[in-house]
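Student: I'd like a close look at one part of this model, please. Could you pick a strand, walk me through its surroundings, and then show me how the rest of the fold is arranged?

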Amino acid sequence: KPGEQKHSKEPSSLQCMHLAVVACGDRLEETLIMLKSAVLFSNRRLCFHIFAEDSLKPEFEKKLKEWPSSYTKKFEYNIYPITFSVGNAQEWKKLFKPCAAQRLFLPVILKDVDSLLYVDTDVLFLRPIDDIWHILKEFNSTQLAAMAPEHEIPKIGWYSRFARHPYYGTTGINSGVMLMNLTRIRNTQFKNSMIPSGLTWEEMLYPLYQKYKNYITWGDQDLLNIIFYFNPAECLYVFPCQWNYRPDHCMYGSNCKGAEEEGVSILHGNRGVYHDDKQPTFKALYEVIRDFPFEDNLFQSLYYPLQSKFLDTVHTLCGRIPQVFLKQIEKTMKKVYENRVIVYLGANHRY
């Protein structure tokens, strides 16, 4: 209408916090529990990018449609096939765990996505993704990715003891939680060990793999360590261990100071600890989030069962520090309820 001001609507992809995961083999349930933990606590809308084998696609669609509408309205999702844009696809598929190398190709495949949080399937969010998403604003002008150290103590770290290839810093980095500015990754010329001049991310991947394939143990994570060894301070933001808390941080004694002070923000249950009895504290968290009925009371049906399960783990090294696991999730749930009360009072306020 004449005189009416027009408002350009921001594209959905810009409003979203983008979360990517790669699921193959028997990782369907783990992936769904990870996505559930993301949806339970996050504030802003989420865009899920799920890379999966063709056989898993209908299962993902079926399960996600079963979630209540109060939660499905908080996210949108796309499911992609497993593809590799350069090199030999069969070689990439066999690198470390099935399909794990797919994460290396996210900047190439998701060309319309500016920034992204990648996580392994065995990750659980104990606070809103919004909080780690804010770290993107802490990047300086050249940093293009953020990861946590593989270990805090060099003398018991894997890379510092056994690696036969270059790696980042004194203990290497862990790629299970990886925050990325994809635009910067696509536009950067990376220093490397193959030619004097820089190479783009896509140009570098396969030659790098060919050069080091006989020396790497942890597949794509090792390749990322090699890349950031040659491009350290200018390209990588290192976030503290509470954003990627693994059994190694407590099974040899507590060695993640950030988690002791602030609580665990993101739990990474590698070593298969959600599915055996070696680390019952990790398994307890996984089972409680898995079994939580979406629209139940968070304290009654999630927090209190968790406290109860933790009582059975006090005989373990990780179980001796329950406050490390509970502090952040309790804080997050309190915020969820505060927000709901504010919304409720606002809706019922009468002038």
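Tutor: Happy to! Let's start with strand 1, residues 17–23: seven of its seven residues are buried, so this strand is largely enclosed by the rest of the structure. Please keep in mind as we go that this is a predicted model.

Look at the two faces of strand 1. Met 17, Leu 19, Val 21 and Ala 23 point one way, while His 18, Ala 20 and Val 22 point the other way, and all are buried. On the pairing side, strand 1 runs parallel to strand 2 (residues 46–52), and seven bridges join the two. You can follow this pairing residue by residue: His 18 has Cys 47 of strand 2 as its bridge partner, and Ala 20 has His 49 of strand 2.

Next, a pair of helices. The axes of helix 13 (residues 280–291) and helix 14 (residues 298–310) come within 10 Å and cross at roughly 155°. An angle over 145° counts as roughly antiparallel, and helix 13 and helix 14 are therefore roughly antiparallel to each other. Helix 13 passes helix 14 in a right-handed crossing. From helix 13, Thr 281, Ala 284, Leu 285, Glu 287, Val 288 and Ile 289 take part, and they meet Leu 302, Pro 305, Leu 306, Lys 309 and Phe 310 of helix 14. By type, the residues of this contact divide into eight nonpolar, one polar and two charged.

One last stop is Thr 332, in helix 15 (residues 322–348). With a relative accessibility of 4%, Thr 332 counts as buried. Leaving aside neighbours within four places in sequence, Thr 332 is in contact with Phe 41, Leu 126, Arg 127 and Pro 128.

Technical notes: Residues numbered from 1 in each chain as written. Predicted model: local features only at pLDDT ≥ 70, side-chain atom pairs only at ≥ 80, totals over all residues. Heavy atoms only, no water. Axes fitted to C-alpha atoms, helices over the stretch in contact; angles between N-to-C directions. Helix = DSSP H or I, 4+ residues; strand = E, 2+ residues; numbered from the N terminus. Parallel < 35°, antiparallel > 145°, perpendicular 65-115°, else oblique. Left-handed = near helix turned anticlockwise from the far one by under 90°. Contact = heavy atoms within 4.5 Å. Nonpolar A, V, L, I, M, F, W, Y, C, P; charged D, E, K, R; others polar. Buried < 20%, exposed > 50% of the residue type's maximum accessible area, 1.4 Å probe, protein only. Pairing = 2+ DSSP bridges.
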